[in-house]
2 protein chains.
Amino acid sequence: MKDAAQFFKVLADEARLKIIWLLFHHEELCVCDVMAALGITQSKASRHLATLKHAALVTDRKDGLWSYYTLRPADDGLAKTHLALLRRSLADRPDAAALLKTLRGWLNGKNRSVACARGAACAANATAKKTTTRQRDTVR
Amino acid sequence: MKDAAQFFKVLADEARLKIIWLLFHHEELCVCDVMAALGITQSKASRHLATLKHAALVTDRKDGLWSYYTLRPADDGLAKTHLALLRRSLADRPDAAALLKTLRGWLNGKNRSVACARGAACAANATAKKTTTRQRDTVR
DNA sequence: CCTATATACTCGTATAGCCGCATATACGTG
DNA sequence: CACGTATATGCGGCTATACGAGTATATAGG
């Protein structure tokens with residue numbers, strides 16, 4: 001049952017949950033897409049994607065400068081079913097829908113900006129400013 | 001989506017997962033039952049039960065010296081469906097079945113022992129001896 | 001009241017996890 | 001080769017979590 005706990009540990013982070021949610025709806029995303037959609041820093045985006053990769057929930061594909069991440073069909077039964085349920089569980093959430101909308105907005109204007117990551121970073125700042133109260137979320 | 005991450009955090013611990021699993025199959029369990037079945041210390045059992053209670057996954061009932069814990073129907077949709085799925089996911093696992101067996105063995109001989117917790121502690125020691133290698137489980 | 005018991009809780013400590021910053025790496029273009 | 005860009009990662013700091021050991025609390029029974 002250790003592996004099950006391990007699996008839930010991967011899901012036990014809001015940023016990772018959001019990334020998974022975005023990947024449910026977009027075959028491939030690169031790091032700066034995640035940065036822009038979630039409004040997080042590059043290192044944070046990269047690290048969480050690495051965690052997901054390590055947990056075998058996503059695969060990555062290098063294309064030139066970009067790394068594209070894709071959801072990978074889980075070989076574990078528990079993971080497979082829980083991810084499917086997660087997708088359904090989040091489907092009716094306003095914040096999940098808003099997240100998707102933000103991503104699509106970013107993807108639209110993506111080509112117009114000279115530097116991809118620079119634009120994403122600006123988006124990150126804008127998002128960060130909205131949430132002035134920042135605090136950790138504990139288990140208890 | 002923060003609440004979802006929060007919920008998965010509660011599941012992200014092997015001991016808590018095991019407790020939930022046992023509670024799927026036994027209406028009520030007291031702390032020493034959990035101690036004995038999982039082979040853990042009293043403080044660990046009590047603490048994890050407190051965490052589950054705090055997360056509104058269980059309720060407790062005091063009866064004399066004993067505290068009985070019971071799974072409580074989740075009001076949150078996400079929690080409800082994921083717990084139900086969890087139950088199904090674990091159903092075909094050998095270690096989950098073995099855990100139930102251990103608990104039933106304990107419950108049978110429970111009345112024969114003079115001190116409940118003392119017997120449970122002995123069981124804890126016996127279980128601990130089996131697993132000589134003890135290490136933390138990390139996310140990555 | 002005194003003792004044993006079951007549980008909760010308080011320490012102190014060790015570890016895990018998240019984060020930002022800075023840097024390294026790798027690739028594309030001129 | 002030099003420069004800009006996208007990503008990965010080492011490092012240090014901080015917080016959250018988990019744990020054992022010990023202690024406090026409450027209750028049952030003499």
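In chain A, helices H2(A) and H4(A) pack with their axes 10 Å apart and at an angle of about 75° (axes are lines fitted to C-alpha atoms, for helices over the stretch in contact, and angles run from 0 to 180 degrees between N-to-C directions). This is a predicted model, where local features need pLDDT of at least 70, side-chain atom pairs count only at pLDDT 80 or more, and totals for chains, interfaces and linings use all residues. Residues are numbered from 1 along each chain as its sequence is written, while chains are lettered from A and ligands numbered from 1 in the order in which they are written.

**The helix pair**
- H2(A) and H4(A) are therefore roughly perpendicular to each other (that label covers 65 to 115 degrees).
- H2(A) brings Ala15(A), Arg16(A) and Ile19(A) to the contact, and H4(A) brings Lys44(A), His48(A), Leu49(A), Thr51(A) and Leu52(A) (contact puts C-beta atoms, placed from the backbone, within 7 Å).

**The sheet**
- Three strands of chain A make an open, antiparallel sheet in the order S1-S3-S2 (strands are DSSP runs of E, at least two residues, and helices are runs of H or I, at least four, numbered from the N terminus; strands pair if DSSP finds at least two bridges between them).
- S1 (29–30) and S2 (58–63) of chain A sit at the edges with a single partner strand each, so one side of each has no neighbour in the sheet.
- H2(A) packs on this sheet too, touching S1, S2 and S3 of chain A.

**Where the chains meet**
- Chain A and chain B each put 29 residues into their contact.
- H1(A) gives the most to chain A's side, with eight residues.

Notes: Contact = placed C-beta atoms within 7 Å. Parallel < 35°, antiparallel > 145°, perpendicular 65-115°, else oblique.
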